Every structure is written in structure tokens, then in C-alpha cells.
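Visitor: I would like to learn how to read a few features of a protein model. Could we take them one at a time?

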Amino acid sequence: MNALPLILLIEDEENIRSFMKAILASNDYLPLEAGNAAEALLQISSRNPDLILLDLGLPDLDGMELLRRIRQKYSTPIIVVSARTFESEKVDALDAGADDYITKPFGTSELLARVRTALRHAAEKQSSLHSRHEGRFTCRDLVIDYDKRRVYVGGEDVHLTQNEYKIVAMLSQHAGKVLTYDSIIRAIWGINPSSDNKILRVNMANIRRKIEKSTAEPQYIFTEMGVGYRMAEEDA
Ligand code: CA
């Protein structure tokens, strides 16, 4: 595929839109623009973008509602761009099917990094029908062996419990992406999470003690405050 990735910018503020458009255009992406939800839906059906950047504060429709409408019909990766810093909103967006979120104001390099990650995940989903439950995940000194269901740091087995292993494996299969506390708890324990997420926090503390050099400054699993966890990306 030689075509430049087509990225739809859904944003009503012209200043921000042209700023983002300039960044994307100068980094070998083809930006498309929509100033409201109606334009956005038209652009999506006619141009079929590779990625959508969605501002949640739109004039004609709530951005969360637009997100749900897009998800009913399309699996296009969506990065939510939010001016609001409420954590609950990020959680809602991820649970409604957004692939990632960026909070305004953001820098050029952060935007580009998120775009690259989202496009790469989409390409991996497309190309590989083989499950990432096989083989290995390697990030610096951390190795996850999916066949043996074991995790090694610097070649040493760190002896995770079943649930600790499942959490680490799940995060690694979405490396670079935030998984919400609720989605992890539902996947691992099959229960509706309580508001304090204690069961997950306790497991994460144990995981960090086993895999991180410093639990205060983790280098493999990052906390997205009030939202969830994100695994560092695999070595290229
Ligand atoms: Ca806006």
C-alpha cells in the first residue's frame, strides 16, 4: 500500500484544525476536514478514512454520540481529542469504542506518536489473523512467552500468578493503548468492577514489584490516572 494514510479531522475550531492539518500534511498524511458531525458522517461514508481524530465538543452533536454512531457502522480507528480533562470522559470514550485519546493542549510529537500507534494497530489487525497469544512479546528486558504463559525480566522468570499473567498478557496485546480499569477487571475476573478497582490495584502492585526496577517509576506498565493502564510498546 503506497497511498498516504487518510486522516479525518473532526474539529469545529478552525485554528486547531489548521494546526493539526499542517502537522499531518507535513508528515506524509492526507488530512480531511469536518467542522461538525454532519460533515464528518458524509466524509466517512464517501472517503473511508484510515483514521479519525474526533473532538468531543462539536456544535451540532455531542462528540460521544457521534462516536457511538460511527462505531455502529465502522471499525475505523478513532482517537478522541478532548479539551475536557475529566477522567470519566476518557473512560467513557474508550468504553464507547475509541482507540485512544489525547487531551488538549497537546504537542506535535504526542499527536504524531498517537497517530502512528493507532494506524499500526489497525494494520496489524488487518494483516494478522494469527493470534498474539502465540509467540513472544519483547520490550527491552521484559519478555512475555505466550506459549509457556511465563514472564521473564533479564532472562529470569518472575513467577506471576495466573491473574497477574493474564493482566500482563492482555496489556501487552494492546501495547501502546490505554485499557480502562473496568475493561481489564471484566476480562480477567468476569465481574462488574467496584468503584475503587481494589482487586486490580492490588494485582498491579504485585506485578510491578515483580517486573519493574522501580515501582515509583515504572518503565513497562504506565498508569493513566483515573483511566487505566498502558503497556510500553514492543521493541521494533
Ligand atoms: Ca470543539
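Visitor: In which strand is Ile78 found?

Guide: This is a predicted model. Ile78 is found in strand β4, which covers residues 78-82.

Visitor: Is Ile78 buried or exposed?

Guide: Ile78 has 0% relative accessibility. Buried means under 20%, so Ile78 counts as buried.

Visitor: Which residues does Ile78 touch, not counting residues up to four places away in sequence?

Guide: Ile78 touches Leu51, Ile52, Leu54, Leu67, Ile70, Arg71, Ala98, Asp99 and Asp100.

Visitor: Where does Asp100 lie, and what is it in contact with?

Guide: Asp100 lies in strand β5, residues 100-103. With neighbours within four places in sequence left aside, its contacts are Ile78, Ile79, Val80, Leu94, Arg114, Gly176, Val178 and Arg230. Asp100 has a relative accessible area of 4% and is buried.

Visitor: Now the helices. How are two packed helices described?

Guide: The description uses the angle between their axes and the distance between the axes. Here, α6 (residues 162-173) and α8 (residues 198-211) pack at about 85 degrees, with axes 10 Å apart. Angles of 65 to 115 degrees count as roughly perpendicular, so α6 and α8 are roughly perpendicular to each other.

Visitor: Which residues of α6 and α8 meet?

Guide: From α6 come Asn163, Glu164, Ile167, Val168 and Leu171, and from α8 come Leu200, Asn203, Met204, Asn206, Ile207 and Lys210. The residues of this contact of α6 with α8 divide into six nonpolar, three polar and two charged.

Visitor: At what angle do α7 and α8 pack?

Guide: Helix α7 (residues 181-189) and α8 pack at about 85 degrees, and their axes are 10 Å apart. That makes α7 roughly perpendicular to α8. The contact is made by Tyr181, Ile184, Ile185 and Trp189 of α7 with Ile199, Leu200 and Asn203 of α8. Its residues divide into six nonpolar, one polar and no charged.

Visitor: Last, the metal. Which are the protein donors of the calcium ion?

Guide: The donors are Asp12 (OD), Asp55 (OD) and Gly57 (O), at 2.2 to 2.4 Å from the calcium ion. Along the chain, these donors follow the spacing D-x42-D-x1-G.

Visitor: What are the relative accessible areas of Asp55 and Gly57?

Guide: Asp55 has a relative accessible area of 3% and is buried, whereas Gly57, at 33%, is partly exposed.

Conventions:
Residues numbered from 1 in each chain as written. Predicted model: local features only at pLDDT ≥ 70, side-chain atom pairs only at ≥ 80, totals over all residues. Heavy atoms only, no water. Donors = N, O, S within 2.8 Å, 3.2 Å for Na, K, Ca; no water. Buried < 20%, exposed > 50% of the residue type's maximum accessible area, 1.4 Å probe, protein only. Axes fitted to C-alpha atoms, helices over the stretch in contact; angles between N-to-C directions. Helix = DSSP H or I, 4+ residues; strand = E, 2+ residues; numbered from the N terminus. Parallel < 35°, antiparallel > 145°, perpendicular 65-115°, else oblique. Contact = heavy atoms within 4.5 Å. Nonpolar A, V, L, I, M, F, W, Y, C, P; charged D, E, K, R; others polar.
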